Amino acid sequence: MTTTESTDSSSSRTSGSGGEISGAEIRLEGVTKRYPGQKTAAVDGLSLTIPAGEIVMFVGPSGFGKTTSLKMINRLIEPSSGKITIGDQDVRKQSADELRRHVGYVIQGGSLFPHMTVAKNIAIVPKLLGWDAKRIDKRVEELLDLVNLDPGKYRDRYPRELSGGQQQRVGVARGLAADPPVILMDEPFGAVDPITRQRLQDELLSIQRSLGKTIVCVTHDIDEAIKLGDRILILQEGAQVAQYDAPATLLADPANDFVSDFVGSGSSLKQLTLSRVSEIDIHPATTGRVGEPAREAIERARSAGDDSLVILDSRDRPTAWVWLRQVQGETLHEGDRETLTTLDERATLNDALDTMLTSSHSAAIVTGDNDRYVGIVDFGAVVDHMRAIQNEAQDRESSKVTAESDPEDHHDENAPMDDSGSADE
Amino acid sequence: MWQFIEDRRAQILINAFNHAYLVVLAIVIATVIAVLLAMVITRMPRLEPVANAISAVGLTIPSFALIGLLLPVTGLGATTALIAVTFYAALPILRNAVVGLAGVDANLLESARGLGMSELSSMFRIRLPLAWPVILAGIRVSMQMSMGIAAIAAYVLGPGLGVSIFVGLAQIGGKNAVNYALVGTLGIVIIALLLDLLLLALGRLTTSKGIRV
Amino acid sequence: MSDLIPAAIKDRLAGDSEKTRAMGESILLALGVPLMVVLGFGAYAIWHETADLDSVEASALGWAEVWQAIGEHVQLTVVSAAVVVVIAVPLGILLTRPGFKRAAPAVVGFANAGQAAPSIGLIVLLAMWLGPGFKTTIVALTVYGLLPVLRNTITGLQGVNPTLVEAGRGVGLSNFDVLRRIELPLALPVIMAGVRTALVLLVGTAALATFINGGGLGGIITAGISLYRYSVMVSGAVLVALLALLVEWLGRVLELLTRPKGI
C-alpha cells in the first residue's frame, strides 16, 4: 500500500472544515477479478486503503480495470478472490442488495429512471429502506436544495424535461439520498459540456466540504482527478497500482514513465490545476441584497470605487452581477442564479480562467460553502499567481540540475534518480 | 335494416356484450400468461429464439383448425371459444413483451441493482413499466385479431356477434339473411373500434408521463 | 410480425445480439418446420391406414376426398395470392410515385380499416352479394390479403436510399428502369416478407371457404362437426395446420431466394 502523506497542504482536504466526516474507510485486500476464458485477470491483486472522508479518484486508460475495481466495492461485480471491507465490515457479510442500499452509486448521465419523477427517483433507496413518507419528502427537498435545484420547480419534473447537467445533479442527489457513508461514482461528469462539468465539479467539492463522505470516483480525465481528488490512484493494466498519492506528489514525483506520461507531469502549466482559487487574492466587491433600495446600493458602490454590484439573496448567495448603469427600478431585483457563472473556492486556476473568459467582467465571483458569496477574483491576480508558480517551478528545476552534478553531497528528497524525473521538459 | 335492428335490439346487445366480454377476458388472461412467460424468457435469453419460433408457428395455424383440434377436448361452447381466442391473443403479446423487456436500457437496470433493488423489484418497478408501451402495442394487435377469431368460434356455439353472422349464413337467400350477417359484421367492427379506443385511453393512463411519446 | 414492434425498439436491438437471435430463429424455423410437416403428415398417414374407421369416417376421410380438399385449398391460396400480388404491388408502386404520394396514407388507412372486419363476416357478406363459390372466395381472400402486401410494398419502396435512385437517374436510366433495376430489387426483401405474411393469412382464411362452397380443407372440419366424429374433425384440423406450416415455410424460402445478393 502506498499511502503517501501529502506534503502539499493546499490539495489535501482537512475534512473538518465545514462539516464532520460521515464517510467510512474502505479497504481492498488482494482483490482479483478473473473472467472465465481470459488469460490475464481484469484486476490482479489490488490492495489499497481509502481513508474515511476522502475523495479518491481511480484514473487510467480504458480497459485497465478502474470501473471493474469500482464495481467490486458494491458487488455489482463479484471478486474472484480477495477481501473488501467498508468501515471494517466485509462487504460479503450482508446480501448484495442490502449492501448497495448503503452505498451511493452515481453513473454517467445520472441514469435516472425515465418513468419516474425527480422526487420518485431520489426517493428510491429511502423507500427500499422503509423510511416513512414524511421523512422521505423532507430528504428529497434537502437534497434538491443541496444540488442547487429548486425543489418547488423540479421535484415533479420528469428526467426528459431536464438538461444533462440537471439530470446529473439529480443522479448525485439520488446517490446521497439514504445518507450512505460511501459513494461510488463512475465518470459522473462525462456526459455534459465543459462549463456544466466545471460547475458540477465545484458543487461536488462544496457538498463534500459539508458532508465528508468517502467518495470513490472513476474518471479518465486526469485534470478532473487532480482537481477533485484528495488522492489519486493511477492504474496500469490489470488494475496494477502505478501510483497512489496526493495530486501534488503525483505531479512532482511520478513513480514511473507511465505515470508521468499519463499525468503530463513536468509541465508547469499542469501545476496550474493544482492551485486553488482560495490561494489567490480574493477581494471584496460591493454587494447589495434583493429588495434593497437601489439608490443606496449604487451609492455604496460608487464610494467604494466599484462600477458593478453583486446582488445577494437572503441566503447570501449571489444571484446577479450588474453594471451600475444597468440597475433599473427602485429596488434591487433577484437575478437568475442558474445562469450566473461563479467559481467555487476550491476550483482550480484552470477553471478560473475558463470562467473569466465567459464572463463580461474579466473577473469572477467566488463562492464558498452552500454557494455563499466570498468575493471577487480578477484576471490580474490569476496571472500574477501563475507567474509566481512558474518561477518556483523553474527554481526547483535548476536546483535539481545542480544537485545531480554533485551526487555525493545532495541527498535528494524527491523520487530516486531515474530518467523520468529530470530528463524531460 | 334499421327496423331489423330495432326489433331485435335486446338480442343484438346481448351478443355484442358477450363478444366484447369474451375478447376482453381472453386478452386479460393472455396478457398475464404472456408477460409471465416473457419475464422468464428475459432471465434465460437462450429461450428467446424458441419462444419466437413457437409464436411464429402458432400464428400460422389457422384459427379454424385450432378450434377443430380443441373440440374433442373441450366440446362445443364458450370454453372452446375462450381457449382458442386466448391462445392466439397470447402470441403477439408474448413477442412484444420479450422485445420490450429486452429493450430496456441496460444502464438503467444496472443503476437499479446498484441502488440496491432486488432482481424482482427491478423487474416490476423498472423493467415492466418501461416495457409497457411496447406490450400495449402488442395487446392492441391481439385485440383486433381476437375479434375475428371470436366470430369464427361462433360456429361451434361460442358466444358473441359471430352467432348473427352464422344465422345469416344459414338463412342465405332468406329475407333477413343479409341483415343478420351485416349486423354481426358491423357490430364487430364497432366494438373493435371502441375497445381499441379504450385501450388507447388505458395506455395513456397507465404509461408514465415521463415516457409517453 | 415486424409490424407489431415499434420501429424505435427494433432499432435499439440492432447489433450483434439481434443478429444471432434472428439467425437462431431462422434456423429453427427453416429446418424445424418442414421436418414437422413431413413428420406430421407421415404420422397422419400411418394413423389413417392403421386406425379403425367406421363407414362414415372412412367416406369422409377417403384419400380421394382428402387430396381433392388439399388441392382446392392450395388452389385457393395460390390464386388469391397471385391476384393480391398483381393488385397490391402495382398499387404500392403507384402510391410511391411523386404524383400520388399524398393518397398513400388514405388508401393504406382504408385497407387497414378493412382488416378490422372479421374474416367470416366479410366472406359471408360477399357470398350474399356475389353468390357463393370459388370465385367469390377468391374475391374475399384477395381483400383480406391485400393489406400486408400493399403496406410492405410501400414501406419497402420508401426505404430505398434516395441517393441510389438519384445515382440511377444520373447515370441515364429512365424512371421505369430505375424502378425495375434499382428500387424493386432493393425493396424486394420487404415486399416478400409481406407476401409471406399474406400467404399465411390466405391459407388460414381459406379454411373458411367451405362455408360459402369454396371448397378446401375446412370442409373436412365442418364435416366432422356435423357428423359428430372427432377423428374427422381433428383430421381436417391437422391437415390444414400442416398445410399452413408448409406454405409459411415455402414463403420463407421464397423470401430467402429472392433476396438480392449483397444485401
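Ring pairs link Phe41(C), Tyr44(C), Trp47(C), Trp63(C) and Trp67(C) into a cluster; here, rings of Phe, Tyr and Trp (its six-membered ring) pair if their centres lie within 6.5 Å, with planes under 30 degrees apart counted as stacked, over 60 as edge-to-face and the rest as tilted. This is a predicted model, in which local features need pLDDT of at least 70 and side-chain atom pairs count only at pLDDT 80 or more, while totals for chains, interfaces and linings use all residues. Residues are numbered from 1 along each chain as its sequence is written, chains are lettered from A and ligands numbered from 1 in the order in which they are written, and side-chain values use heavy atoms, with hydrogens and water left out.

**Aromatic pairs**

- Over all chains, the structure holds 15 aromatic pairs.
- Phe166(B) and Phe211(C) form an edge-to-face pair, because their ring centres are 5.2 Å apart and their planes stand at 70 degrees.
- That pair crosses between chains: Phe166(B) sits in helix H8 (residues 162–170) of chain B, and Phe211(C) in the loop between H9 and helix H10 (218–227) of chain C. Helices are DSSP runs (H or I, at least four residues), numbered from the N terminus.
- Both Phe166(B) and Phe211(C) are buried (buried means under 20% relative accessible area, exposed over 50%, partly exposed in between, with a 1.4 Å probe and protein chains only).
- Tyr44(C) and Trp47(C) make a tilted pair, with centres 5.5 Å apart and planes at 35 degrees.
- About one helical turn separates Tyr44(C) from Trp47(C), because they are three residues apart in helix H2 (residues 16–50) of chain C.
- Tyr44(C) counts as buried at 6% relative accessibility, whereas Trp47(C), at 30%, counts as partly exposed.

**Where chain B meets chain A**

- Contact (heavy atoms within 4.5 Å) involves 21 residues of chain B and 22 residues of chain A.
- The two chains bury about 2,000 Å² between them, 59% of it on carbon and sulfur atoms; buried area is the accessible area (1.4 Å probe) that two parts lose on being put together, summed over both.
- Glu110(B), Leu115(B) and Arg125(B) lose the most area on the chain B side, together 30% of what that side buries.
- Two salt bridges are counted between chain B and chain A, where a salt bridge is a side-chain nitrogen of Lys or Arg within 4 Å of a carboxyl oxygen of Asp or Glu.
- Arg113(B) forms a salt bridge with Asp97(A), with the closest N and O atoms 3.2 Å apart.
- Helix H6 (106–115) and helix H7 (119–153) of chain B are the elements that give two or more residues to the side touching chain A, and H6(B) supplies the largest share, eight residues.

**Ser122(B) in its setting**

- Ser122(B) is found in helix H7 of chain B and counts as buried at 5% relative accessibility.
- Leaving aside neighbours within four places in sequence, Ser122(B) is in contact with Leu109(B), Ala112(B), Met117(B) and Arg127(B).

**Salt bridges**

- The structure holds 31 salt bridges over all chains.
- Asp202(A) and Lys227(A) meet in a salt bridge at 2.9 Å, N to O. Asp202(A) lies in helix H8 (residues 194–211) of chain A and Lys227(A) in helix H9 (residues 222–228) of chain A, so the pair ties together parts 25 residues apart in sequence.
- Asp202(A) and Lys227(A) are both buried.
- Glu248(C) and Arg196(C) meet at 3.3 Å, N to O, in a salt bridge, and both are buried.
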